[in-house]
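Hi,

Here is the structure I said I would pass on.

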Amino acid sequence: MKKIVVLISGNGSNLQAIIDAVAAGRIQAEICGVISNKADAYGLERAKNAGIPTFVFTRKSFDSNLTMDNAIAETITALQADLIVLAGYMKILTAEFTQRFAGKILNIHPSLLPKYPGLNTYQRAIDAGDTEHGMSIHFVNEEVDGGAVVLQAKVPIYPDDEISDIQERVHEQEHRCYPLVVQWFCSGRLILKERKAYLDGACLPAQGYALD
């Protein structure tokens, strides 16, 4: 059985979706640790409630981003994790970290990549007059939000929407899709090869497996 480590910074709603999917048997894997860069992240409570070991690494405890990432990497290695799942982890990982675990890190991002990498994606979509938004699940490489896309799901933007309206729709898709992609990886269906995502042996298109 594959082992998963989840990295968080905040509320941990996607972590909870993965915990629930493991408990229900929809993900056949073990969450062997939850790591946060924020000591007060509510996701740590979610992990403790599920009996999952937790670890906190704060930037002020290290003299550089690299030494912090190296310490996290050593913990992940000690836990013998097969997959690292970024679930609202709001710190950019160093290239050394992403290269060490190449093909073993997944991230979820609230936009239809390559549109709107980085922060404030909802406001940027509204400001651009977009009629749809969404989320992307992708492999992680040294480029921020630049790794191979595995799956995307779209949601509508209506003229009178507030950010919270769009966010709610996107979160619903995230909680539905992230456990699915994690199971793809854990069952051996999903791999990264030559910086491209493959599902069931077929190379996925640039936008990944699309869910409308």
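Strands β9 and β10 pair in the antiparallel sense, over 2 bridges. Before you go further, keep in mind that this is a predicted model.

In that pairing, L199 has A202 in β10 as its bridge partner. Put together, you get an open sheet of 3 strands in the order β8-β9-β10, with antiparallel pairing. Its edge strands are β8 and β10 (202–203), each of which pairs on one side only. As a reminder, strands of a sheet pair through backbone hydrogen bonds, either parallel or antiparallel.

The turn of the β8 and β9 hairpin is worth a click too: there are 2 residues between the strands, and E194 takes a positive phi near 50 degrees.

Which residues touch the most other members of the largest nonpolar core? They are V150 and L190, out of 46 residues in that core. Helix α6 (residues 163–186) supplies the largest share of this core, with 9 residues. There is also a second, separate core of 19 residues, and V5, L7, I76 and F97 are among them.

The UniProt record (an unreviewed entry) puts a "binding site" feature at G12, S13 and N14. From this set, G12, S13 and N14 are in the lining of the largest pocket.

Are S13 and N14 buried or exposed? S13, in helix α1 (residues 13–23), counts as partly exposed because its relative accessible area is 22%, and the cut-off for buried is under 20%. N14, also found in helix α1, comes out at 7% relative accessibility, so N14 counts as buried.

S13 is in contact with R46 and H175. N14 touches H175 as well, along with A87, I108, E174 and Y178.

Cheers

Methods. Residues are numbered from 1 along each chain as its sequence is written. This is a predicted model: local features need pLDDT of at least 70, side-chain atom pairs count only at pLDDT 80 or more; totals for chains, interfaces and linings use all residues. Side-chain values use heavy atoms; hydrogens and water are left out. A nonpolar core is a set of buried Ala, Val, Leu, Ile, Met, Phe, Trp, Tyr and Cys residues joined through side-chain atoms within 4.5 Å. Buried means under 20% relative accessible area, exposed over 50%, partly exposed in between (1.4 Å probe, protein chains only). Helices (H or I, at least four residues) and strands (E, at least two) are DSSP runs, numbered from the N terminus. Two strands pair if DSSP finds at least two bridges between them. UniProt positions are given in the numbering used here, feature names are shortened, and annotations may be inferred rather than shown by experiment. On a 1 Å grid over the protein atoms alone, a cavity is a set of points where a 1.4 Å probe fits but cannot get out, and a pocket is an open set with protein on both sides within 12 Å along at least five of seven lines; lining residues have an atom within 4 Å of a point. Contact means heavy atoms within 4.5 Å. Lists of a residue's contacts leave out its neighbours within four places in sequence.
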